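Please open the structure in your viewer and keep the selection tool at hand. The tour starts with the whole chain and ends with a few side chains.

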Amino acid sequence: MSEVMKVIKERRSIRKFKPDMVSKEAIDEIIEAGLYAASGMGKQASIVIAVTDKAMRDKLSDMNRKIGGWDEGFDPFYGGPVVLIVLADKSVRTCVYDGSLTLGNMMIAAQNLGVGSIWIHRAKEEFELEEGKAILKELGIEGDYEGIGHLVIGYADCENPDAHPRKDNRVYYI
């Protein structure tokens, strides 16, 4: 089995993180993998916002919690110290697919570096809120972007979960 397939097969969604910060070098490498994801017509519609500031991370977590309908105190980011937000230019027809590939590449890169990750949804709803739009404006991000997802990363504070068995009858040859 190739090293790439080994990393892909071992990657799991982590739901309990240590508070230890991921190094800037590792974060940069994970983001770079995302920026090299395939994109429709090579338009590279995705952007990534790296959140390492705890106050902003907690603010985003609380926004996400409210959208998800969870009780106060629940952290939908599972204690992960870093949130990589992927947004994509809505004017590009393939924006959701492009952003999804960006997230996928970053998950594989994180696993390769020994960094746990989990894709968390509701970025679309977060950045449709005035509060989300204000964050983009504060960062100087102009344009019409759709939130695709959050990649929460950090060091796992749990055993790597077992893989679910792969379902049968998912591949057809013609």
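The stops below go from the overall fold to a group of aromatic rings.

**Whole protein.** Begin with everything shown as a cartoon, and keep in mind that this is a predicted model. The protein has six helices and four strands. Follow the chain along its sequence and the order of these elements reads α-α-β-α-β-α-β-α-α-β. The radius of gyration is 16 Å, close to the 16 Å that the globule rule gives for 174 residues, so the protein is as compact as a globular protein of that length. Along the principal axes, the C-alpha atoms fill a box of roughly 45 × 40 × 35 Å.

**Surface and interior.** Of the 174 residues, 38% are buried.

**Charges.** Colour the charged residues next. There are 23 positive and 28 negative charges, and their mean positions lie 5 Å apart.

**Aromatic rings.** Hide the surface and select Trp 70, Phe 74 and Tyr 78, which form one aromatic cluster. How many aromatic pairs does the structure hold? There are two. In one of them, Trp 70 and Phe 74 are tilted, with 5.0 Å centre to centre and 40° between the planes. In the pair of Phe 74 and Tyr 78, the centres are 6.2 Å apart and the planes stand at 90°, so this pair is edge-to-face.

Phe 74, at 30%, is partly exposed, and Tyr 78 is partly exposed at 26%.

Key:
Residues are numbered from 1 along each chain as its sequence is written. This is a predicted model: local features need pLDDT of at least 70, side-chain atom pairs count only at pLDDT 80 or more; totals for chains, interfaces and linings use all residues. Side-chain values use heavy atoms; hydrogens and water are left out. Rings of Phe, Tyr and Trp (its six-membered ring) pair if their centres lie within 6.5 Å; planes under 30 degrees apart count as stacked, over 60 as edge-to-face and the rest as tilted. Buried means under 20% relative accessible area, exposed over 50%, partly exposed in between (1.4 Å probe, protein chains only). Helices (H or I, at least four residues) and strands (E, at least two) are DSSP runs, numbered from the N terminus. The radius of gyration is taken over C-alpha atoms; the globule rule is 2.2 Å times the number of residues to the power 0.38. Lys and Arg count as positive and Asp and Glu as negative; His and the chain ends are not counted. The place of a charge is taken as NZ of Lys, CZ of Arg, CG of Asp or CD of Glu.
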